Amino acid sequence: MTLPLLVVDAANVVGSVPDGWWRDRRGAAERLRDGLVRYAADGVPGLLPGPLDVVLVVEGRARGVAPVDGVRVVAAPGEGDDAVVALVRAAAGRRCVVVTADRELRRRVGEHGAECAGPRAVRPA
């Protein structure tokens with residue numbers, strides 16, 4: 001059985017809460033990664049039932065974040081948005097939800113059949 005795919009745009013989700021993330025982008029991405037672990041087994045309430053294949057896409061200074069059980073980490077070689085689109089394209093035929101508030105990214109992944117959710121889906125305020 002192929003699990004549904006949850007792709008999280010780390011830069012966009014981390015940047016959605018002004019908690020000082022800009023002082024330690026990698027640490028902020030690691031905290032987000034750790035918070036995503038529960039969704040791998042349980043799913044995202046009201047959005048996507050578990051279990052899920054959870055992927056966190058990091059870029060820039062957040063590269064180097066290691067994966068943990070339940071969360072794969074993809075370090076974008078260039079723009080994080082391009083890596084997100086590539087993951088969605090590769091997941092053709094399977095349910096895919098991308099977490100981002102970036103309108104252009106939402107449009108791009110929507111062209112490949114992905115659903116979208118805002119940052120609060122995985123990072124409640």
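**The sheet and its helices**

Tutor: Five strands form an open sheet in the order β5-β4-β1-β6-β7, with parallel pairing. Strands here are DSSP E runs of at least two residues and helices are H or I runs of at least four, numbered from the N terminus; two strands pair if DSSP finds at least two bridges between them. This is a predicted model, where local features need pLDDT of at least 70, side-chain atom pairs count only at pLDDT 80 or more, and totals for chains, interfaces and linings use all residues. Residues are numbered from 1 along each chain as its sequence is written, and side-chain values use heavy atoms, leaving out hydrogens and water.

Student: Which strands stand at the edges?

Tutor: β5 (71-75) and β7 (115-117); each has a single partner strand, so one side of each is left without a neighbour in the sheet.

Student: How many bridges join β4 to β5?

Tutor: Five, linking β4 (residues 53-58) to β5 in parallel. Valine 54 stands opposite valine 71 in β5.

Student: Switching to helices: at what angle do α3 and α4 pack?

Tutor: About 20 degrees, with the axes of α3 (residues 80-90) and α4 (residues 103-110) 9 Å apart. Axes are lines fitted to C-alpha atoms, for helices over the stretch in contact, with angles from 0 to 180 degrees between N-to-C directions.

Student: Which residues meet there?

Tutor: Asp81, Asp82, Val84, Val85 and Val88 in α3 meet Leu105, Arg108 and Val109 in α4, where contact means heavy atoms within 4.5 Å.
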